[in-house]
Amino acid sequence: MKTLNSFNINKLLKCRRRKHARTGSRISAKILCSLFLLIASILFSATKWYLRTYGATGFDSILFTLFSNLKGVDSQIVTDFIHDALVPAVIFTTIYTILFFIPFSNWRCYGIKKKYEITLTLILAIILTIIAGNESNFFNYMHKISHQTHIYEERYVDPHSVKIDFPEEKRNLIYIFLESMETSYLAKREGGALPKNVMPELYTLARENINFSHNSGVGGFLTPSGTTWTVSAMSSQTSAIPLKASPGALNNNEYGRESFLPGAVSINNILSENGYNQALIVGSDSAFANRDVYFKDHEIGNVYDLNTARAEGFIPEDYYVWWGMEDKLMFEYSKNKITEMAKSDQPFSVVMLTVDTHFPEGYVCEQCPDTYHEQYNNVISCSSHQVYEFINWLKKQDFYKNTTVVLSGDHLTMDYDYVWRNIPEEYERHIYNCFINSAVESDTYKKRTFTSFDMFPTTLAAMGCEIEGDRLGLGTNLFSDKKTHAEEMGYDEFDEQLSMSSNYYIKKFMVKDQDTSQ
């Protein structure tokens, strides 16, 4: 029998160390692969959840959601994300890891050698990541921002560079953003997509007043890149530029944490310079998505929201419904604030935002009818009625005769399931608008191709302002006979240019007081 000498012992120890090293390396590789798969699974399920919840709003909106202030977000959305996206990803990764990587798994019986486990895991993670990137529009987004557009250098009109003449008696402005209000909710015979009109009062207002339309009846406008979610809709309609979540400007702007498009000139800047007392009124927390930063940056001095309503005793300190304060209370709160502002000798401007028609399925208050099978249709109908009643209240006020009222949807509804069930895929959806008590009239209301940007100069024109050249920002005064940029370029080309990167945009709008001539 052979005995072990020192040479054999050293050799045996070296073999064991190499074996332990290989085992350790393999365990480390499996842990890294599991983490990679977990990340890929979360990206995949989060993308599916986002598209199912918000719809295809573009990668700009995803970036903005990730980096902006989410204070005040509806807790149900957070719960849904955890339940429908995060938990499934963790469960899938856990089961996969147990089946592939635990010591007692014998994949030889399935024809899979252990040396291929890591490779197969990496391939699966890569496939999930690619699917997520494709469906979230990430790859298309990266392709677009790799190209420079010169649309701003060629077509943007700085409002401070043109003459804007106000009437001798300046008119008040009440601008109401209607959450997710689109013309799809009209009956098919009226140009909508539904069997029955679920927003009859808004339809009546549009027929009896001024409605700019893509057709010969009640219609609306399109939402190009950078205008498809609430804060981007509010900023684009008031400053006539898109909200671009440019990675290159993250450090400078932080997507509105400290400043929000500080170089953009909005209608609120113009009104402030002309002596207007201004306010923003929302029923939710105004800090959500940095809306308060945007409007304060653009010279709205008074911001009223859920927090101020609590502090003033309008609602209890612990009050929280839906996104904070439902629309029936928001309208009552707005009546109080508008009445106070109207007592001053200053002209006033008020921006309001409804919220009950926010996805998913909207908020059912005690005023909502139970007429339709779809809950969302009942909520839309309720919102239409509440807006109509608020307009009737305004008409009874002494200040109304010198007040222009604008009703405008912010973006297309993000209730993907509702859209899937009720609106045909081939139907082209548009945003509702209505100008009430306008100071001017025109014959250019119908069969127009226009966008969110055109609301800025058109609103000033409705207040009786004369605008040199009839253009501000990327917007065109729809009361004029001048074609919009979407009409001149074609909407698809216009939208394509807006989706590209622009150094001018970053220097001009996202970073204040920068030289854009370079």
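Analyst: Please note that the model is predicted. Rolling a probe the size of a water molecule over the atoms shows where empty space is left. Here, the second largest cavity is lined by Leu 173, Tyr 175, Thr 238, Ile 267, Asn 268, Ser 349 and Val 351. The elements that contribute two or more residues to this lining are β2 (172–178), α10 (267–273) and β6.

User: How many cavities of 30 Å³ or more does a search of the whole structure find?

Analyst: The search finds two. The second largest cavity holds about 30 Å³ of space, and its lining residues comprise four nonpolar, three polar and no charged.

User: Which strands are joined by bridges to β4?

Analyst: In a regular strand the side chains alternate between the two faces of the sheet. In this model, six bridges join β4 to β6 (residues 348–353), and the two run parallel. Within β6, Met 352 is the bridge partner of Ile 281. Strand β5 (residues 302–304) is also parallel to β4 and is joined to it by three bridges; Leu 280, for its part, has Val 303 as its bridge partner in β5. From β4 the chain crosses through helix α11 (residues 291–297) to β5, a right-handed β-α-β crossover.

User: Why is strand β4 described as largely enclosed?

Analyst: Buried here means under 20% relative accessible area. Because five of the six residues of β4 (residues 277–282) are buried, the strand is largely enclosed by the rest of the structure.

User: Which residues of helix α19 are buried?

Analyst: They are Tyr 504, Tyr 505, Ile 506, Lys 508, Phe 509 and Met 510.

Conventions:
Residues numbered from 1 in each chain as written. Predicted model: local features only at pLDDT ≥ 70, side-chain atom pairs only at ≥ 80, totals over all residues. Heavy atoms only, no water. Buried < 20%, exposed > 50% of the residue type's maximum accessible area, 1.4 Å probe, protein only. Helix = DSSP H or I, 4+ residues; strand = E, 2+ residues; numbered from the N terminus. Pairing = 2+ DSSP bridges. Right-handed = clockwise from strand over helix to strand, strands pointing away. 1 Å grid on protein atoms, 1.4 Å probe; cavity = no way out; pocket = protein on both sides within 12 Å on 5 of 7 lines; lining within 4 Å. Points joined across faces, edges and corners; volume = space filled by probe spheres on them. Nonpolar A, V, L, I, M, F, W, Y, C, P; charged D, E, K, R; others polar.
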